[in-house]
Amino acid sequence: MAVPKVNEKLLEDLEVMGFPKARATRALHYSGNSCLEDAVNWIVDHENDIDIDEMPLVDVDIDIDSSKSFPITEEMRIKAQNLRVQERKRKEEEEKKLDREREKERIQAGKRLLEAKRIAEENERNRILSLRKAEKEEEKRAREKVLQKLEQDKLNRRSKPGLPLEGQATVRSSAIERQREKKPKPVYATAKVEQLRECLRNLKRNHQGEDVRVKRAFQTLTVYVGNVAKNPKEEKYRKIRLSNPLFQDRIGSLNGGVEFLELCGFERTGDFLHLSHEKVDISLLNSAGFALNSAMTNPFFGVLSTPHN
């Protein structure tokens with residue numbers, strides 16, 4: 001296959017008129033190389049052909065005399081100009097269509113981003129509300145314990161002067177009844193969550209007089225737990241190097257710090273604490289966050305508890 005030979009003069013005239021070489025060659029070839037006007041008419045009739053700008057190929061080269069020159073009429077110039085205008089309009093329409101599609105995609109992407117942001121903010125609000133609710137319940141429990149202890153102290157003081165047995169029984173019965181009425185509902189239902197709370201109490205008791213250090217440990221544990229809860233698929237948040245100086249200073253050197261992370265699901269693997277993706281329990285991690293927040297904000301946290309023998 002080869003490019004057909006066409007009248008060089010006519011080809012040059014068509015190129016001068018603004019037609020691409022491939023289109024001009026195709027027009028001359030299929031119009032018979034007869035004259036410039038036939039070639040222009042062919043282009044007008046076939047301007048929507050898919051292969052209009054593809055170079056034609058033939059099996060045999062045709063030797064055509066190109067010595068004769070053909071005049072370019074005004075009608076041909078007008079047709080050529082119209083073709084160029086139409087081609088330019090077609091390209092402009094295509095560009096506008098592409099711009100509209102791109103704008104539509106940009107708007108859709110913006111909507112998806114806003115929806116994802118709204119969901120994230122709603123989840124964060126719900127988490128904060130749950131934290132506050134748990135804090136209030138914890139404070140309520142602490143107040144109830146304080147009141148119970150005060151009531152018991154009151155009973156003990158009144159028994160010293162030697163109240164009548166009936167009076168003592170009445171006071172004791174009244175105190176027991178109030179204790180029953182005011183018995184708070186448990187905040188957490190699982191034994192594992194209570195173990196987390198007891199671990200924090202022990203940590204606070206084991207380091208009495210080191211309030212700043214203990215609070216910093218609680219804050220650091222909150223960061224570790226919160227990172228995993230928010231990004232459960234991220235390996236970097238589920239792996240802690242035990243020999244890390246910062247970790248040792250804030251958590252590892254405190255009695256109960258590593259134990260708390262192990263209760264959250266972390267396991268010792270060599271020089272690391274690792275929480276596998278399959279063992280991530282978001283509910284447990286959120287409960288751990290509640291317990292940590294209560295330990296930092298509730299002044300009664302651990303005050304009334306006693307060490308287990």
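In helix H1, Leu 10, Asp 13 and Leu 14 meet Leu 36, Ala 39 and Val 40 of helix H3, where contact means heavy atoms within 4.5 Å, and helices are DSSP runs (H or I, at least four residues) numbered from the N terminus. By class, this contact of H1 with H3 divides into five nonpolar, no polar and one charged residues, with Ala, Val, Leu, Ile, Met, Phe, Trp, Tyr, Cys and Pro counted as nonpolar, Asp, Glu, Lys and Arg as charged, and the others, Gly among them, as polar. This is a predicted model, in which local features need pLDDT of at least 70 and side-chain atom pairs count only at pLDDT 80 or more, while totals for chains, interfaces and linings use all residues. Residues are numbered from 1 along each chain as its sequence is written, and side-chain values use heavy atoms, with hydrogens and water left out.

Two packed helices are described by the angle between their axes and the distance between the axes. For H1 (residues 8-16) and H3 (residues 36-45), the axes come within 10 Å and cross at roughly 50°, the axes being lines fitted to C-alpha atoms over the stretch in contact and the angles running from 0 to 180 degrees between N-to-C directions. H1 and H3 are therefore oblique to each other, since angles under 35 degrees count as roughly parallel, over 145 as roughly antiparallel, 65 to 115 as roughly perpendicular and the rest as oblique.

Helix H7 (residues 211-230) and helix H10 (residues 282-297) pack at an angle of about 160°, with their axes 9 Å apart, and that makes H7 roughly antiparallel to H10. Among the residues that make this contact are Phe 218, Leu 221 and Val 225 of H7 and Leu 285, Ala 288 and Leu 292 of H10.

Leaving aside neighbours within four places in sequence, Phe 260 is in contact with residues including Leu 221, Val 225, Ala 288 and Leu 292.

Phe 290 lies in helix H10 and counts as buried at 13% relative accessibility, buried meaning under 20% relative accessible area, exposed over 50% and partly exposed in between (1.4 Å probe, protein chains only).

Terms used: Helix = DSSP H or I, 4+ residues; strand = E, 2+ residues; numbered from the N terminus.
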